[in-house]
Amino acid sequence: MPSPYRAIFAAPGTKGFSAAGLIGRLPISMVGVGILTMISEITGRYAMASALTGTLALAAAVIGPQVSRLVDQYGQRRVLRPATLISVAAVAGLLLAAANGLPDWTLFVFAAIAGCVPSVGSMVRARWTTLYRDSPRELHTAYSFESVVDEVCFIFGPILAIGLSTTWFPEAGPLIAAVCLLVGVWLLTAQRSTEPAPHPREAQAKRTSALRSPGLQVLTATFVATGAIFGSIDVSTLAFAEEQGNKSSASFILAIWAAGSCLAGIVFGLLHLKGRTERRWVLGICAMAVSMIPLLLAGNLPFLAVALFVSGLAIAPTMITTMALIEAHVPRAKLTEGMTWISTGLAVGVAVGSSVTGLVIDAAGAQRGYVVSIAAGTAAAAVAFAGYRRLTRPAQGEEPSTDGDGDSSAEAPADHVA
């Protein structure tokens, strides 16, 4: 591992919570794809499958920030364990309902309750921020490492979920995802020494949502469209591979997409680029949008794999930059909630993107599903440009915040080091 990455693990406890976070985050990429594969295997209804995964994503979008707000107030251990138990029980109910052919409405009820799943990635990033808040370069490297971990999950998660559900039994993918969530959260919350200190509820006037920040509003809105990209690509790729007569290859193609992002994240973590963070962020969003165009031209699986690898190169750097901007626009006492709002935006986008794409595929074929990806990328770029001024304004918070690079406001000088 390059020395900048070795350096961030010098602090005690970092290896432990990172390993636990890796296990706990596998469900990010396993549950949705696993449910999609399970329902398509059992019923063959892509619209139904995508609507069900969309329900799960929307429920997580509504409940997730509230769970993270409670974490900021009471600590990770006290909140995450009961929330995880509720989510895992709901997933178990969903699998039993699907296996026994219960009415569709029961599946949607269980999917909605399963949205209580905590944002494990936000919890781990909050621990890194606590450790390296005053060390900008180490924090940048830590955020980069976390983006790489996310992509590792997206490389292996779909392979596990789709592979288990297509070669073992349909419910296997979501089942293993639920087990990973339970084990990962229990291991993470067992490590008390690195747990961020809770911020008990203060005066009611001060306990407003982190989403009141104009900068966070822009980031979250943009990531709704970004989530639609992710959701549409997952559904379209699975359906396209099935049309090509090789459904199981979808997991490997999605892994190649994540590998492109993983590679870019590793390299980005070694760099200390000059220039405004906000400009790099807008550039990353635009790069993701443009990279959607070749997907509509894919006539076979190898071409699609190459196109997805290239598009993946823009993902991790954009996510890393986003985390730095969150720290600039969210007060310290609401950092976990602020990070979770980004996950919420993605979840809403995934829900919309996967649902719309399922309808498009049922009506016009798998390849047309990538039209949704292009439309979502265009929307993300439009929102990013429209909200750029809000990101460059100094954050208005309850306490001074930093931009992730050590500057005291989001209005960083043009030559600051990222």
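The chat below goes over a predicted model and its helices.

Trainee: What should I know about the model before I start?
Mentor: This is a predicted model, where local features need pLDDT of at least 70, side-chain atom pairs count only at pLDDT 80 or more, and totals for chains, interfaces and linings use all residues. Residues are numbered from 1 along each chain as its sequence is written, and side-chain values use heavy atoms, with hydrogens and water left out.

Trainee: How many helices and strands does the protein have?
Mentor: The protein has 16 helices and 0 strands. Both are DSSP runs numbered from the N terminus, helices being H or I with at least four residues and strands E with at least two.

Trainee: And how much of the protein is buried?
Mentor: Buried residues are 59% of the 418 residues. Buried means under 20% relative accessible area, with a 1.4 Å probe and protein chains only.

Trainee: Take α6. Why is it called largely enclosed?
Mentor: Because 11 of its 13 residues are buried, α6 is largely enclosed by the rest of the structure. Among the buried ones are R125, R127 and W128.

Trainee: What span should α6 have?
Mentor: At 1.5 Å a residue, the 13 residues of α6 (residues 120-132) should span 18 Å, and the end C-alpha atoms are 19 Å apart, which agrees. The expected span is 1.5 Å times one less than the number of residues.

Trainee: Different topic. At what angle do α11 and α15 pack?
Mentor: Helix α11 (residues 277-290) and helix α15 (residues 370-386) pack at about 160°, with axes 8 Å apart. Axes are lines fitted to C-alpha atoms over the stretch in contact, and angles run from 0 to 180 degrees between N-to-C directions. That makes α11 roughly antiparallel to α15, a term for angles over 145 degrees.

Trainee: Which residues make that contact?
Mentor: On α11 they are W281, V282, I285, C286 and A289, and on α15 they are G377, T378, A380, A381, A384 and F385. Contact means heavy atoms within 4.5 Å. These residues divide into 9 nonpolar, 2 polar and no charged. Ala, Val, Leu, Ile, Met, Phe, Trp, Tyr, Cys and Pro count as nonpolar, Asp, Glu, Lys and Arg as charged, and the others, Gly among them, as polar.

Trainee: How do α9 and α12 cross?
Mentor: The axes of α9 (residues 214-243) and α12 (residues 301-312) come within 11 Å and cross at roughly 160°. That makes α9 roughly antiparallel to α12.

Trainee: Which residues are involved there?
Mentor: I233, T237, F240 and A241 of α9 meet L301, L304 and L308 of α12. They divide into 6 nonpolar, 1 polar and no charged.

Note on methods: Angles under 35 degrees count as roughly parallel, over 145 as roughly antiparallel, 65 to 115 as roughly perpendicular and the rest as oblique. Buried means under 20% relative accessible area, exposed over 50%, partly exposed in between (1.4 Å probe, protein chains only).
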